[in-house]
Amino acid sequence: MHKEVIGMAGKDSGRPSIYPSLLYTDAKAAIRQLTEAFGFTELAVYEGEDGSVMHAELVQGNGAVMLGSKGRGGRFDEAMKSAGPVGVYLVVDDVDAHHRRAVEHGAEILMPPTDQEYGSRDYMARDIEGNIWSFGTYAPEIPGTTGA
C-alpha cells in the first residue's frame, strides 16, 4: 500500500527529491574522482576561506549528490562525525562503458559488471574514502512520477 506524502518538495517539479549528502576528509580529491572516474559533472562548488569545500553539488543523469569537507563545523558535520561509509546506487545507460572509465581512472572495483537475476546489469566500486558506489541499469518505477 502506498500513501501519498503531503507537502513533499520536488514531488511534481521534475527534479529529484532525494540527494545523498556525503562528507570527505579531502573533498577536492573526492570531487576529482567522482568527475573523472565516475562521470559526474560539477554543478556548484563553494569553498571556505581556508579552501575547504563548504558545499558542492555534482550531477549524474537526472540526479545529484551534495558533498563537503569534514571538520568544517555545523550541525551536519557534527551529526556525521562518527558515521561510516555510505552506499549510493546510480542508474547509468551503459554499465560496461561506465566501468571502463572507472577502471581507466584507477577506481577500486569491488564487483565487475554483472548481470543480476532481477534483470539489471551493474558493478560496484569504492571511492577514495570508503563509500560504496553501485552503477547499473535498475531504475525502480516510482508511482506518480513522469516517465516512470
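Is Y118 buried or exposed? Select this residue in the predicted model: Y118 is exposed, with a relative accessible area of 54%.

**The aromatic pairs**

Across the whole structure, a search finds four aromatic pairs. One of them joins Y118 and Y138, whose rings are edge-to-face, with 5.8 Å from centre to centre and 80 degrees between the planes. Y118 sits in the loop between β6 (108-115) and β7 (121-126), while Y138 belongs to the segment after β8 (132-136), so this pair ties together parts that are 20 residues apart in sequence. Y138 counts as partly exposed, at 41% relative accessibility.

Next, select Y123 and F135. Their ring centres are 5.2 Å apart and their planes stand at 25 degrees, so this pair is stacked. Y123 lies in strand β7 and F135 in strand β8, and the pair links these distant parts of the chain, twelve residues apart. Are Y123 and F135 buried or exposed? Both residues are buried.

**Helix α3**

Now select residues 95-104, which form helix α3. Within this helix, V95, H98, H99 and A102 are buried. Viewed down the axis of α3, its buried residues fall within an arc of 100 degrees, so they line one face of the helix. An α-helix has 3.6 residues a turn, so residues three or four places apart point the same way. The elements that cover the buried residues of α3 include β3 (53-60), β6, β7 and β8.

At the N-terminal end, D94 caps the helix, with a side-chain oxygen 3.3 Å from the backbone nitrogen of D96. Just after α3, G106 takes a positive phi of about 80 degrees.

**The nonpolar core**

Finally, turn to the largest nonpolar core, which has 24 residues. Select Y24, L34, F38, F40, L67 and W133, the residues with the most contacts inside this core. At least two core residues come from each of β1 (21-24), α1 (27-36), β3, β4 (63-69), β5 (87-91), α3, β7 and β8. Which element gives the most to this core? It is α1, with four residues.

To end the tour, centre the view on F40. Apart from its neighbours within four places in sequence, F40 is in contact with L34, T35, L58, V59, Q60, V65, L90 and W133. Of these partners, L34 and W133 are also among the residues with the most contacts inside the core.

Technical notes. Residues are numbered from 1 along each chain as its sequence is written. This is a predicted model: local features need pLDDT of at least 70, side-chain atom pairs count only at pLDDT 80 or more; totals for chains, interfaces and linings use all residues. Side-chain values use heavy atoms; hydrogens and water are left out. Rings of Phe, Tyr and Trp (its six-membered ring) pair if their centres lie within 6.5 Å; planes under 30 degrees apart count as stacked, over 60 as edge-to-face and the rest as tilted. Buried means under 20% relative accessible area, exposed over 50%, partly exposed in between (1.4 Å probe, protein chains only). The arc is that of the directions from the helix axis to the C-beta atoms. Contact means heavy atoms within 4.5 Å. A polar contact is a pair of N or O atoms within 3.5 Å; within protein, one must be able to donate a hydrogen and the other to accept it, and residues adjacent in sequence count only if both atoms are side-chain atoms. A nonpolar core is a set of buried Ala, Val, Leu, Ile, Met, Phe, Trp, Tyr and Cys residues joined through side-chain atoms within 4.5 Å.
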